[in-house]
Amino acid sequence: MFGNKKNTDNQIKESTFSCQKGNLIIRGTEYKPRGKNLPIAIVSHGLNEGQNGVKKYAHFLAERGYVAYCFDFCGGMAEKCESDGDTTVMTVLTEVEDLEVVMEYAKSQPYVNPSRVLLMGCSQGGYVSAYVAAKHNLDIEQLILFFPAFCISDMIEEGNLLGTKFNRRRVPDEMKCAGIMLGRCYLEVAYDIDIYEEIKGYDGDVLIVHGTKDKNVDISYSEKAYETYLSVESKREEPREVLFRTVEKGKHGFDGKYAEQAMEYMKEVV
C-alpha cells in the first residue's frame, strides 16, 4: 500500500557505482540519504536517453528517503553511454537483465532494506520496469511508470518504429531509429512479447503518469495498462493501489513545469 513520506532534510550523497553483467560493466549513479535500513528506488531511462534524463527523478526519490539509483542500459544509447555494450545487440530483454543486475547490486548494500524495492521507468524504461516487476512480483513493493512504451510491438507490426519505416517481413540486420542503430534482434524480441499479458504478473502498487500530448506513445496505451493492473487480483496482505494521472499538454518526456507536475503526482505515493 502506498504511503506518503515527508521530505527528508538529510543531505543526499551522490556517487557513481558499477556492477558486472557477464563481460559487460553497467555504470550508474547512486543517491543516498542518511540513515539505515532504507528503501530502494531504481529509475530506468528510455530508448537513447541515458541516465542523465532521469536523474531528477532519482534525486527526488532520494529526497523522499530512498536510496535511489539510475544507470545507462548496456547499448541503450548511441553516444556517451557509460555502460558497456553495442546498440545493435540491445533488446528489451537485455535491458530486463541489466535492471535485474542493478537491482541485485542495490539490494546487497549494507544500508538498504532489500525487501522494500520501488521500480520506476520512463518510456522503454517503463516497459522494462513493468516486465521486471511482474517477473519478480514478490520482490517489488512499488512501481511507477512514466509514459511507458507499451506500443513497441504495435509499431513493429505496423512497420513504423518512431518514424522509421521498414518491411516487417524483411527486417534489415541493422536499422537506425530515433538516432540509435538497432539490430534485427530488437525488433524480433519485442514483437513476440505481449506486454499486457506479462504485466498481469504484478499485483503490487502502481502509479502511471502520461502526457495528454504525447505523440510517441499514445496515452491509450497507459489507459489500457491501468485497466490491466486494476483487473489483477492481489494476493498481498496490504490493500493495493493502482493510480493513473495525466499531465495536461505534457509530451513524451517531461521537462520544466511538466516534470514538476509529474513529481507532484509522485508525492501521492512516496
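View 1. Arg184 is partly exposed, with 33% relative accessibility (buried means under 20% relative accessible area, exposed over 50%, partly exposed in between, with a 1.4 Å probe and protein chains only). The model is predicted: local features need pLDDT of at least 70, side-chain atom pairs count only at pLDDT 80 or more, and totals for chains, interfaces and linings use all residues. Residues are numbered from 1 along each chain as its sequence is written, and side-chain values use heavy atoms, with hydrogens and water left out. The side chains of Arg184 and Asp173 form a salt bridge with an N to O distance of 2.7 Å (a salt bridge is a side-chain nitrogen of Lys or Arg within 4 Å of a carboxyl oxygen of Asp or Glu). Asp173 lies in the loop between strand S8 (164–165) and strand S9 (174–177), and Arg184 in helix H5 (residues 184–191), so the pair ties together parts that are 11 residues apart in sequence. Helices (H or I, at least four residues) and strands (E, at least two) are DSSP runs, numbered from the N terminus. Asp173 counts as exposed at 54% relative accessibility.

**View 2. The salt bridge between Lys21 and Glu97.** In this pair the N to O distance is 3.6 Å. Lys21 belongs to strand S1 (residues 13–21) and Glu97 to helix H2 (residues 92–107); the two are 76 residues apart, and the pair links distant parts of the chain. Lys21 is buried at 15% relative accessibility, whereas Glu97 is partly exposed at 40%.

**View 3. The salt bridge between Glu264 and Lys267.** The closest N and O atoms of Glu264 and Lys267 are 2.9 Å apart. Glu264 is partly exposed, with a relative accessible area of 43%, and Lys267 is partly exposed at 30%.

View 4. S1 and S2 pair in the antiparallel sense over nine bridges (two strands pair if DSSP finds at least two bridges between them). Lys21 has Leu24 in S2 as its bridge partner. Two residues stand between the strands of this hairpin, and Gly22 takes a positive phi near 60°. Strand S2 (residues 24–32) also pairs with strand S4 (residues 67–71), in the antiparallel sense over four bridges. Thr29 stands opposite Cys70 in S4.

**View 5. The open sheet of eight strands.** The strand order is S1-S2-S4-S3-S5-S6-S11-S12, with mixed pairing. S1 and strand S12 (242–247) are the edge strands, each pairing on one side only. On average, neighbouring strands of the sheet are turned by 20° against each other, direction ignored. Axes are lines fitted to C-alpha atoms, for helices over the stretch in contact, and angles run from 0 to 180 degrees between N-to-C directions.

**View 6. Helices H7 and H8 on the sheet.** Helix H7 (residues 219–231) lies across strand S6 (142–146), strand S11 (205–211) and S12, and runs at about 165° to S12. Helix H8 (residues 256–266) packs on the sheet and touches strand S5 (112–122), S6, S11 and S12 (contact means heavy atoms within 4.5 Å). The direction of H8 makes about 160° with that of S12.
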